[in-house]
Amino acid sequence: MRDLVDQIISGNRRALAKAITLIESSHPDHQIEAQELLSKLLCFTGKSIRLGLSGIPGVGKSTLIETFGKMLTSQGLQVAVLTIDPSSKISGGSILGDKTRMEQLARDDMAFIRSSPSKGILGGVARHTRDAMMILEAAGFDVIIIETVGVGQSEVAVAEFVDMFLLLLSPGGGDELQGIKRGIMEIADLVIINKADGDFKNAAVIAAADCRNALHLMQAKSPNWTVKVLQTSALENRGIEEIWDTIQSFKEIMIKSGEFEARRQQQNISAIWSEVNTLLLDQIKGQNFDKIDALEQAVKNNKITPLEAAKELLNSVTD
Ligand code: GDP
């Protein structure tokens with residue numbers, strides 16, 4: 001264990017991969033080891049900027065992360081990317097086709113890319129990602145990007161443990177703007193309209209104006225920060241430096257106002273309750289198969305109310 005801790009702190013890539021596999025394992029012994037490891041690493045964490053990045057498939061996430069990541073590594077910064085892969089539970093495959101994604105960044109010594117399956121319950125995914133982020137912080141990465149595909153609840157869970165949440169949109173997606181935008185825009189600190197090039201140039205200007213209007217009507221996420229809307233072309237490497245400039249000014253403003261640390265503290269407290277939730281569910285579901293079955297039947301047949309069933313299950317763990 002001591003060895004693994006030392007290797008992680010020195011940034012050894014194999015040790016990092018091994019540690020992340022350990023925290024993702026559902027084996028009870030591994031989970032104990034993982035917690036031990038994390039406790040030892042805790043005092044080395046806290047120095048990275050933690051970014052969440054979300055957008056629907058095809059919007060240009062991997063192209064942008066690659067371009068942005070290469071720009072950062074060329075400035076001497078170490079970049080880690082954690083991708084939450086919503087592998088289809090039915091096919092078991094990866095919709096992100098990870099091997100061909102971010103090829104250049106994957107070969108960069110200053111970068112580390114890891115994809116984690118988003119199988120299992122949301123609380124579990126959030127824990128694994130948060131823990132992996134801690135390991136990467138201890139390893140000294142300056143920037144950590146947590147990428148999610150903006151189609152589910154993972155984004156909201158990720159926004160709960162990053163410093164800044166980036167939403168990637170494309171100018172072409174009219175329905176996307178109407179549909180998913182509203183809810184997720186409320187958690188964004190920066191909106192990026194990608195593919196602002198070629199035939200999409202004008203559409204990008206309109207989309208950016210639309211976004212600003214929509215944001216204007218929403219309640220601000222922070223009293224200290226006005227959400228910015230940028231236009232980029234990840235493919236043509238334009239607008240990428242502005243992303244980094246905006247992140248840095250966000251960080252500076254948030255630190256000055258005290259909100260940076262306050263958010264992190266609040267996030268840690270929220271994490272306790274998220275863990276309580278997950279642990280309780282695990283415990284209830286892990287030891288009451290027959291009872292769950294019977295109670296589900298009873299609720300289905302209107303014999304008892306869902307609340308009565310829930311209370312009975314809760315009693316079974318507190319007894
Ligand atoms: P992801 O699914 O969100 O990771 O999207 P990808 O990065 O794989 O990009 C999807 C497609 O959009 C690819 O064919 C990219 O080449 C293309 N693409 C990505 N960024 C841009 C951009 O800035 N401009 C244009 N025109 N195409 C882009």
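User: Which backbone oxygen does the side chain of Arg114 reach?
Analyst: The oxygen of Ala17, and the gap to the side chain of Arg114 is 3.4 Å. That's a polar contact, meaning a pair of N or O atoms within 3.5 Å, one able to donate a hydrogen and the other to accept it; residues adjacent in sequence count only if both atoms are side-chain atoms.

User: What kind of model is this?
Analyst: A predicted one: local features need pLDDT of at least 70, side-chain atom pairs count only at pLDDT 80 or more, and totals for chains, interfaces and linings use all residues. Residues are numbered from 1 along each chain as its sequence is written, and side-chain values use heavy atoms, leaving out hydrogens and water.

User: OK, back to Arg114. Which residues does Arg114 touch?
Analyst: Leaving aside residues up to four places away in sequence, Arg114 touches Ala17, Ile20, Thr21, Glu24, Val81, Leu82 and Thr83. Touching means contact, with heavy atoms within 4.5 Å. From C-alpha to C-alpha, Arg114 sits 9.8 Å from Leu16, though 98 residues separate the two in sequence.

User: And where is the place of Arg114?
Analyst: In strand β3. Helices (H or I, at least four residues) and strands (E, at least two) are DSSP runs, numbered from the N terminus.

User: Why does Arg114 count as buried?
Analyst: Because its relative accessibility is 15%, and buried means under 20% relative accessible area, with exposed over 50% and partly exposed in between (1.4 Å probe, protein chains only).

User: How many helices and strands does the chain have?
Analyst: The chain comes to 14 helices and seven strands. Of its 319 residues, 47% count as buried.

User: What order do the strands have in the sheet?
Analyst: The open sheet of seven strands runs β3-β2-β4-β1-β5-β6-β7, with parallel pairing. Two strands pair if DSSP finds at least two bridges between them. On the edges are β3 (111–117) and β7 (228–231), each pairing on one side only. From one strand to the next, the twist averages 20°; such angles run from 0 to 180 degrees between N-to-C directions, along axes fitted to C-alpha atoms, for helices over the stretch in contact.

User: How many bridges join β1 and β5?
Analyst: Four, in the parallel sense, between β1 (residues 49–55) and β5 (residues 164–169). In β5, Leu166 is the bridge partner of Leu53.

User: Which strands does helix α10 touch?
Analyst: Helix α10 (residues 201–217) packs on the sheet against β5, β6 (190–193) and β7, and its direction makes about 175° with that of β7. Helix α11 (residues 240–257) lies across β1, β4 (143–149), β5, β6 and β7, at about 150° to β5.

User: New topic: what about Arg50, buried or exposed?
Analyst: Arg50 is buried, at 7% relative accessible area. This residue belongs to strand β1. Its side chain makes a polar contact with the side chain of Glu137, at 2.4 Å. Not counting residues up to four places away in sequence, Arg50 touches several residues, among them Met133, Phe161 and Arg264.

User: Last one: where does Gly140 lie?
Analyst: In the loop between α6 (122–138) and β4. Gly140 is partly exposed, with a relative accessible area of 34%.
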